[in-house]
Protein chains: 2
Amino acid sequence: MILRQLFDSDSSTYTYLIADPTTREAVLVDPVLEHVERDLKLLAELGLELRYVLETHVHADHVTAAGQLRERTGARTCASGAGAPCVDQHLKDGDVVRVGDVAITALATPGHTDDGMSFHVGRYVLTGDTLLIRGCGRADFQNGDAGALWDSITGVLFALPDDTVVLPGHDYKGFTSSTIGEEKRVNPRVAGRDRAAFIELMAALNLPRPKKLDVAVPANRACGKVAPIQAS
Amino acid sequence: MILRQLFDSDSSTYTYLIADPTTREAVLVDPVLEHVERDLKLLAELGLELRYVLETHVHADHVTAAGQLRERTGARTCASGAGAPCVDQHLKDGDVVRVGDVAITALATPGHTDDGMSFHVGRYVLTGDTLLIRGCGRADFQNGDAGALWDSITGVLFALPDDTVVLPGHDYKGFTSSTIGEEKRVNPRVAGRDRAAFIELMAALNLPRPKKLDVAVPANRACGKVAPIQAS
């Protein structure tokens, strides 16, 4: 399997390129609008054909490249049925997206948002904003629910083998990967806590409103189409 | 083998943690002064003992954490004999640094600076500033030499198997890894050029002087000890 981690330094977002080295079919997970040219060039340089764009959720902090990539490559866009209405294919828990011999299993992991999906492929799990390295996504907007987030992290992701490599949707401290076993032991949001204590902790975070929320969410529900500014 | 890539967003520097999963002995390559606490915490969380700090070269764009890590952990610092005089062990081409069953081979790759070293471990090569993803280090200060850089890239690094994973010392575009085969084919600095054309290209770059040069180089020659500001 080909697996590449790509970074957007403005929003600290990770995009992932996954491909079958034989058939040269590829998937991009959470591509960022500002990096369409970088990502298309990388696909071309590696001789890969983009078949699917997957979204872990409707993002509030950056605009997706899914729509542009679909237009320019014919790739199918996929996300949770609770997420963006614009996508070609709605995924539910357990659905498998295949490129060649590479099987990517969608895991419903709501809580940060109600449409949260993680993607399990080989010994890796792409956790979106559900589980971050030594952290987790917030749960105070977009139908977030701290109880559901606890259940997704501890019930779904922590059920994977301890040596599964965690590849998050963001990182703000310079980490690029972790493992399920490590996050079970030392993730300060969940280690040593129960569900009630986690909900209490998340309710007390008092985080500022995401700067791009009002632009990014509607744009991402339209696969990255940013609404034109209305003439007054 | 445990291998973690860590990032400093201020200087776009990658630090690498390499460890033997059985003996729990670890190496840090190119640690950054501002991240001493992050890196020590990560070592503790993973139950690792830092044995060596390796430098790919005397950096001009950030200050090393080598000296502080040595003081706080007892780790030995290692770098090219042409580099920082402060280190405990001078490495020459072909020297091997071992932690448990993990053998890290030093490859002399001068050119960006005269003390450039790459580190080959398993199917990975840490290329410092010699080979970057779709680029290479500049060769216009610290005894840089574009001809030597060409020889290091094409003669030393490109002699490794094509599927060797390239882990660079920096990236400015959001790439985290590449392969030797890929850089041979599409690295715009070297693909389709000969040595003379490469030297000509490097001479014409006209890059600005690195902002931190005057602070970072003397500090790094002292393993990260920043000179106190003189009273006037």
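**Reading burial and contacts in a predicted model**

Leaving aside neighbours within four places in sequence, Thr127(B) is in contact with Ser118(B), Leu157(B), Val166(B), Leu167(B), Pro168(B) and Gly169(B); the model is a predicted one.

Me: In which strand does Thr127(B) lie, and is Thr127(B) buried or exposed?

Reply: A residue is called buried if 20 or more other C-beta atoms lie within 10 Å of its own. Thr127(B), whose place is in strand β10 (residues 124-128) of chain B, is buried because 33 other C-beta atoms are within 10 Å.

Me: How many C-beta neighbours does Thr77(A) have inside 10 Å, and which residues does Thr77(A) touch?

Reply: Thr77(A), found in strand β5 (residues 76-80) of chain A, counts as buried because it has 21 C-beta neighbours inside 10 Å. Once residues up to four places away in sequence are set aside, Thr77(A) touches Val53(A), Ala66(A), Arg70(A), Val87(A), Asp88(A) and Cys223(A). From Thr77(A) to Val102(A), 25 residues apart in sequence, the C-alpha to C-alpha distance is 17 Å.

Me: Which residues of helix α3 in chain A are buried, and what do the buried residues of α3(A) pack against?

Reply: An α-helix has 3.6 residues a turn, so residues three or four places apart point the same way. In helix α3 (residues 146-156) of chain A, the buried residues are Ala146(A), Ala148(A), Leu149(A), Trp150(A), Ser152(A), Ile153(A) and Val156(A). These buried residues of α3(A) pack against β8 (102-108), β11 (131-132), β12 (135-136) and α5 (195-203) of chain A.

Methods. Residues numbered from 1 in each chain as written. Chains lettered and ligands numbered in written order. Predicted model: local features only at pLDDT ≥ 70, side-chain atom pairs only at ≥ 80, totals over all residues. Buried ≥ 20, exposed ≤ 12 C-beta atoms within 10 Å, placed from the backbone. Helix = DSSP H or I, 4+ residues; strand = E, 2+ residues; numbered from the N terminus. Contact = placed C-beta atoms within 7 Å.
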